Structure formats: structure tokens, C-alpha cells
Amino acid sequence: MDTIISQILSDSSSLKSALASNAQFVDSVGQAAEALFSVASAGGTVYACGNGGSTCDAMHLCEELVARYKRNRPGIRAMHFMDPSFLTCWGNDFSLEDAFRRAAETFCTEKDVLIAISTSGNSKNVIHAVHAAKSKGCRVIGLLGRDGGALRPLIDIPIVVPASATERIQEAHITVIHIWCELLETRYGLAAS
């Protein structure tokens with residue numbers, strides 16, 4: 001058991017160390033933080049969507065922005081597309097594959113940003129949401145995995161974790177989310193004075 005625990009911790013740490021040394025990855029995370037700040041300071045909304053564990057990441061991001069990360073500050077407008085009554089209504093009447101698209105076309109505007117999260121980069125419902133958001137003039141940031149999949153060329157700022165293990169990709173995604181929160185609360189002056 002100890003060997004398995006140590007291996008998992010080592011694998012996770014090695015991936016994050018490699019990402020920290022990847023200038024393109026670090027630059028993409030910074031560009032995304034700038035975009036989030038621009039949207040937040042202009043009164044826009046950060047939207048987020050994903051499936052499974054990525055759903056949880058989308059919800060985690062939104063609660064950190066609306067409530068707080070580590071410091072008291074004004075709330076940042078953020079909303080995920082995981083409302084269960086909407087999803088079950090749309091899924092029952094139409095298709096879960098189109099549910100995020102419906103949310104994006106309903107809410108997203110040119111003042112907003114959509115965070116599209118997919119560890120494979122190929123989630124059809126997330127792809128549909130990206131198309132809908134972009135048709136509304138909404139900028140899109142992607143938290144992706146592997147090679148970025150079909151989503152990569154559709155995204156304005158793709159952040160791709162080049163790993164094959166879903167759990168390692170998710171661990172990197174939540175770290176990126178925490179980096180954004182840190183930057184928004186400190187470097188960009190959103191922390192309470």
C-alpha cells in the first residue's frame with residue numbers, strides 16, 4: 001500500500017513540476033488570468049462547464065470566485081451550468097448532449113468568458129457549449145488534457161495538461177483554478193484593502 005501511495009504522490013508531483021517548467025503552459029495560465037480579470041473588472045460573468053470530475057472543478061471555481069478564495073474581497077460574478085433541474089428538464093425533453101449549448105446560448109454575452117473543462121478535449125456537450133458561447137461573442141478558456149482534442153482549436157486560450165491519466169489531469173486543473181484565484185485576489189488588486 002505504501003508503494004502505491006508514494007507512486008501516486010510522485011506521479012502527481014512530477015507532472016506539476018514539468019508544467020511549472022513549461023513556459024508555454026505557464027504563459028497560457030497567465031493569459032487566462034488576465035482574461036478573467038478583464039471580465040471581472042468590467043462586470044461580466046465567468047461561466048464554467050464540464051462533466052464528471054470536471055463538473056466539480058467548474059463548481060469549485062465558481063464558489064471560489066463568488067464567495068472567496070483566501071481573502072475577503074468583493075464577489076466575482078460566476079456561474080456553472082450544472083443546475084440539476086435544468087439539466088434533467090433539458091435532458092428529458094431534448095438531449096443532455098445539448099444542455100450546455102442551451103445554457104451558453106441563454107447566458108453568455110460578449111462581456112463574459114466561458115471556462116470549458118474536458119480532460120479528453122472531446123466532450124461533445126462541452127464542444128456544443130463552446131460553439132454557442134463563441135456565437136454570442138463570448139471568449140472561451142479551455143482546461144483540457146492529453147493533446148487538447150477537438151476542443152483545442154476552438155478555444156481562445158487553451159490550457160492543455162499533456163498527460164494521459166485523467167486523475168493527474170484533474171489534479172493539474174484544480175491547481176490552475178487555485179492559481180487563477182490567487183492572482184485575482186492579490187496581483188490584480190481585487191483583495192479588500
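**Exercise 1.** Is phenylalanine 86 buried, partly exposed or exposed?

Solution. The relative accessible area of phenylalanine 86 is 22%. Buried means under 20% relative accessible area, exposed over 50%, and partly exposed in between (1.4 Å probe, protein chains only). Phenylalanine 86 is therefore partly exposed. Tryptophan 90, at 11%, is buried.

The model is predicted: local features need pLDDT of at least 70 and side-chain atom pairs pLDDT 80 or more, while totals for chains, interfaces and linings use all residues. Residues are numbered from 1 along each chain as its sequence is written, and side-chain values use heavy atoms, without hydrogens and water.

**Exercise 2.** Classify the aromatic pair of phenylalanine 86 and tryptophan 90.

Solution. Both residues lie in helix α4 (residues 84–93), 4 residues apart, about one turn of the helix. Helices are DSSP runs (H or I, at least four residues), numbered from the N terminus. Rings of Phe, Tyr and Trp (its six-membered ring) pair if their centres lie within 6.5 Å; planes under 30 degrees apart are stacked, over 60 edge-to-face, the rest tilted. The centres are 6.4 Å apart and the planes form an angle of 35°, a tilted pair. The structure holds 5 aromatic pairs.

**Exercise 3.** How do the axes of α5 (residues 99–107) and α6 (residues 124–135) run relative to each other?

Solution. Axes are lines fitted to C-alpha atoms over the stretch in contact (heavy atoms within 4.5 Å), with angles from 0 to 180 degrees between N-to-C directions. These axes come within 7 Å and cross at roughly 20°. Angles under 35 degrees count as roughly parallel, over 145 as roughly antiparallel, 65 to 115 as roughly perpendicular and the rest as oblique. The two helices are therefore roughly parallel.
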